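Look at the sequence and the model, then follow each step.

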Amino acid sequence: MDGDRVEIDGGIMEGGGQILRVSTALSCLLGLPLRVRRIRAGRSQPGLRPQHLSGLEIIRDLCEGKLEGGEIGSTEITFTPGKIKGGTHIADTKTAGSVCLLMQVAMPCVLFAASPSELHLKGGTNAEMAPQIDYTVMVFKPIVEKFNFTFNCDIRKRGYYPQGGGEVVVQMSPVKELSPINLTERGTVTKIYGRAFVAGALPIKLAKDMSAAAVRCIRKEIRDLYINIQPVREPDDQAFGTGSGIIVVAETSTGCLLAGSSLGKRGKNSDKVGIEAAEILLRNLKHGGTVDDSLQDQLIIFMALAKGVSRVKSGPITLHTQTAIHFAEQLTKAKFTVTKSEEEDPSKDSYIIECQGMGMINPNL
């Protein structure tokens, strides 16, 4: 450590952009100077990609910090945070880099800002290797708000691979502290709904085919529920470029939300896209957890910051989640334990993620 600079190895465990997101957000919140080495060391294109750089830049701007090594392809950065301020901030990946991942890195920080924030995030809204914006709004938002904060997410324009060109505006007010969550009762599935979309040059028939294929697939396992997956064509003034995809959400009697989603791409049969989303949803329903495999790791930083004990029942712990826990524990005083859930039903493979949060207090309020 050089003068109390925390050293992060960006190449271990999941070894991707998520290490950067968790560690820079926590660095910003805790006022810890940071050095991250071996960034995305094992990836086919190591180092910072435009999306990771945009994430670093928005954190730097949010807290008037100092960033060194912030260029595309860089495998080492140092970051020295300042004081988190509210106001309007813009992050533009100028590619199809995910706006949802930009939101992931910025959101914990603006919760502890001095005043309300408005984030203008530009890039891909429905992109590979990241949550789709529909997932962020339909699943992530209602669950993460259980930590006792609210935010508004306005999808101004959708953007797809490869050009991006999408924009979402996120508005949120700071909080004094975060409450812990207790998501341990899955309940029974009460409804299944979703949207299958096309944009740009693609015909609505593709959306109808994706929807119908997903419904047929889910019907084989769940016969007695009405499944409502709306086929939609995004209005031309609200989408940039051409794209397609689907998200299917299951809601339970205890208010849990679990999903499966998939994106269309050239040469990929639209039935296959629908079936893929349906199979992911069914797999998430099978393990008996209260959150799906995509939400698991996104909750870790909030559990670490909350005041008190959070408990979340999940399916098998993903590498992303193990990675988030590792760096949350390295940087905060939070303690996590993961235990196999004692299930009556041996076909269920579920776990309890428990966290004694650090109890972050907003010094500005």
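A salt bridge is a side-chain nitrogen of Lys or Arg within 4 Å of a carboxyl oxygen of Asp or Glu. Keep in mind that this is a predicted model.

Q: Which residue forms a salt bridge with arginine 156?
A: Side chains of opposite charge can pair when their charged atoms come close. For arginine 156, the closest N and O atoms of the pair are 2.7 Å apart. The partner is aspartate 154.

Q: Is arginine 35 buried or exposed?
A: Arginine 35 forms a salt bridge with glutamate 7, with the closest N and O atoms 2.8 Å apart. Glutamate 7 is partly exposed, at a relative accessible area of 25%. Arginine 35 has a relative accessible area of 14%. Buried means under 20%, so arginine 35 is buried.

Q: How many residues apart in sequence are the parts that glutamate 7 and arginine 35 tie together?
A: Glutamate 7 lies in strand E1, residues 6–9. Arginine 35 lies in strand E2, residues 34–37. So the pair ties together parts that are apart in sequence by 28 residues.

Q: Which residues are linked with Glu7 and Arg35 in a network of salt bridges?
A: A search of the whole structure finds 23 salt bridges. Glu7 and Arg35 belong to a network of them.

Q: Which helices hold aspartate 271 and arginine 216?
A: The side chains of these two residues meet in a salt bridge, 3.3 Å from N to O. The pair links distant parts of the chain, 55 residues apart. Aspartate 271 is in helix H6 and arginine 216 is in helix H5.

Q: Which elements give two or more residues to the lining of the largest cavity?
A: The search finds 3 cavities of 30 Å³ or more. The largest cavity holds about 130 Å³ of space. Its lining includes Gln18, Gln104 and Gln298. The elements are helix H1 (17–30), helix H3 (99–111) and helix H7 (293–305).

Q: How many charged residues are in the lining of the second largest cavity?
A: About 80 Å³ of space lies in this second largest cavity. Its lining has 5 nonpolar and 5 polar residues. The number of charged residues is 1.

Definitions and conventions: Residues numbered from 1 in each chain as written. Predicted model: local features only at pLDDT ≥ 70, side-chain atom pairs only at ≥ 80, totals over all residues. Heavy atoms only, no water. 1 Å grid on protein atoms, 1.4 Å probe; cavity = no way out; pocket = protein on both sides within 12 Å on 5 of 7 lines; lining within 4 Å. Points joined across faces, edges and corners; volume = space filled by probe spheres on them. Helix = DSSP H or I, 4+ residues; strand = E, 2+ residues; numbered from the N terminus. Nonpolar A, V, L, I, M, F, W, Y, C, P; charged D, E, K, R; others polar. Buried < 20%, exposed > 50% of the residue type's maximum accessible area, 1.4 Å probe, protein only.
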